Amino acid sequence: MARDGWFGRRSQAQKNLEQVPEGLWTKCPECSAILFAPELEKNLKVCPRCGHHYRLNWQERLDITVDSGTFVEFDGGVTSVDPLGFPDYESKLEKGRRNTGLEESIVTGRAAIGGCDTVIGIADFAFIGGSMASATGEKIVRAIERAVELGLPVVLITASGGARMFEGLLALMQMAKTAAACARLKSAGLPYIVVFTDPTMAGVHASYASIGDIIISEPKALVGLAGQRVAAQAQVAKVPANFQRAEFQLEHGMIDMIVPRRELRDTLGKILKWSTSEVPVGR
Ligand SMILES: [Zn+2]
């Protein structure tokens, strides 16, 4: 029960808030504004007051990114096992599956964006922090190989804390494996576009995520190898307040552009059109 206000009485506003069904209101973690959930949904889960971008699940991300009804999933049945017999890993996998309805932390497939046919991958942070396991790496590599076969560009939308520690070296190995697949895509002359969402860190940032031909980020996404706390503990230099945020990375040339969520679909469509259109001979 809410505590009485300053003058020993609850304000009318407090009383009104208490009568609202739970879940209809949410507090912005950035500016503390109280937001009406359906309005927030309509605004693509971006705070109308401060522009804070809430995390999206893979389905929400898919809906706002690709042309309606065009998505066809690849390899939905590829799933992780527990190769090291790591304590509690099986139950964490189960929870990840329940949270997302996916078998792994990334969904891959083929879709159109702005009318351009493309291979797409979308990570979901709600599946064990979007971490990269053997099955994640396998799905990314298969998607890229499919793109090479079909002659299509690749768009990967990242959200990950890094490699999945429960699979040890097998997870770390996916860094090299996915990066090698990206090199094959490059050799085939096909565009590779990456979109960082909050957070894109560690082993994922240090492999397939940071080697896109064009790298886009959502505003204020945490992006980098190690976070602010780890860097501060290393005490190599004074850590600025916006360290490892998208704006900091843009300033330092690590990403190409920051694009607000409501402009992302159009921006991707334009880039895909531009990067896949044929250059007339002789120009
Ligand atoms: Zn806000």
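**Stop one: a helix to start from**

Select helix H10, residues 261-276. Helices here are DSSP runs of H or I with at least four residues, strands are runs of E with at least two, and both are numbered from the N terminus. H10 has 16 residues, which at 1.5 Å a residue should span 22 Å, and its end C-alpha atoms are 23 Å apart, so the two values agree. The expected span is 1.5 Å times one less than the number of residues.

Before moving on, know what you're looking at: this is a predicted model, where local features need pLDDT of at least 70 and side-chain atom pairs count only at pLDDT 80 or more, while totals for chains, interfaces and linings use all residues. Residues are numbered from 1 along each chain as its sequence is written.

Now color the buried residues of H10: Arg261, Leu264, Leu268, Ile271 and Leu272. Buried means that 20 or more other C-beta atoms lie within 10 Å of a residue's own; with 12 or fewer it is exposed, in between it is partly exposed, and the C-beta atoms are placed from the backbone. What do the buried residues of H10 pack against? Show helix H3 (58-65), strand S4 (106-113), strand S5 (116-123), strand S6 (154-160), S7 and S8, and you have the list. A contact here means two C-beta atoms, placed from the backbone, within 7 Å.

**Stop two: the whole protein**

Zoom out. There are 10 helices and 10 strands, and 37% of the 283 residues are buried. Among contacts with a separation of 6 or more, 68% are between residues 24 or more positions apart.

**Stop three: parallel strands**

Select strand S7 (residues 192-201) and strand S8 (residues 214-217), which run parallel and are joined by four bridges. Strands pair if DSSP finds at least two bridges between them. Ile193 has Ile214 of S8 as its bridge partner.

A cis peptide bond joins Asp198 to Pro199, with omega at about -10°.

**Stop four: the core**

Which residues touch the most other members of the largest nonpolar core? Select Ile144, Ala147, Val154, Val155, Leu185 and Phe196, out of 57 residues in that core. S7 gives the largest share of this core, six residues. A nonpolar core is a set of buried Ala, Val, Leu, Ile, Met, Phe, Trp, Tyr and Cys residues joined through C-beta atoms within 7 Å.

Stay with Val155 for a moment. Leaving out residues up to four places away in sequence, Val155 touches Ile113, Thr118, Ile120, Ile193, Val195 and Leu268. You've already colored Leu268, one of the buried residues of H10.

**Stop five: two helices side by side**

Select helix H5 (residues 134-150) and helix H6 (residues 168-187), whose axes are 9 Å apart and meet at an angle of about 10°. That makes H5 roughly parallel to H6, a label for angles under 35 degrees. The axes are lines fitted to C-alpha atoms over the stretch in contact, and angles run from 0 to 180 degrees between N-to-C directions. Residues making the contact include Ile140, Ile144 and Ala147 of H5 and Thr178, Cys182 and Leu185 of H6.

Now find Tyr208, in the loop between H7 and S8. Is Tyr208 buried or exposed? It counts as buried, because it has 28 C-beta neighbours inside 10 Å. Setting aside residues within four places in sequence, Tyr208 is in contact with Ile140, Leu156, Thr178, Ala179 and Cys182. Tyr208 and Ala179 are 29 residues apart in sequence, yet their C-alpha atoms are 5.0 Å apart.

Go to Asp75, in the loop between strand S3 (72-74) and helix H4 (89-100). Asp75 isn't a glycine, but its phi is positive, about 50°. Asp75 is partly exposed, with 19 other C-beta atoms within 10 Å.

Then jump to Ala202 in helix H7 (residues 202-205). Ala202, also not a glycine, has a positive phi of about 50°. Ala202 is buried, with 21 other C-beta atoms within 10 Å.

**Last stop: an exposed alanine**

Finish at Ala37 in helix H2 (residues 37-42). Ala37 counts as exposed because it has 12 C-beta neighbours inside 10 Å. Beyond residues up to four places away, Ala37 touches Gly23, Leu24, Trp25 and Thr26.

Note on methods
Parallel < 35°, antiparallel > 145°, perpendicular 65-115°, else oblique.
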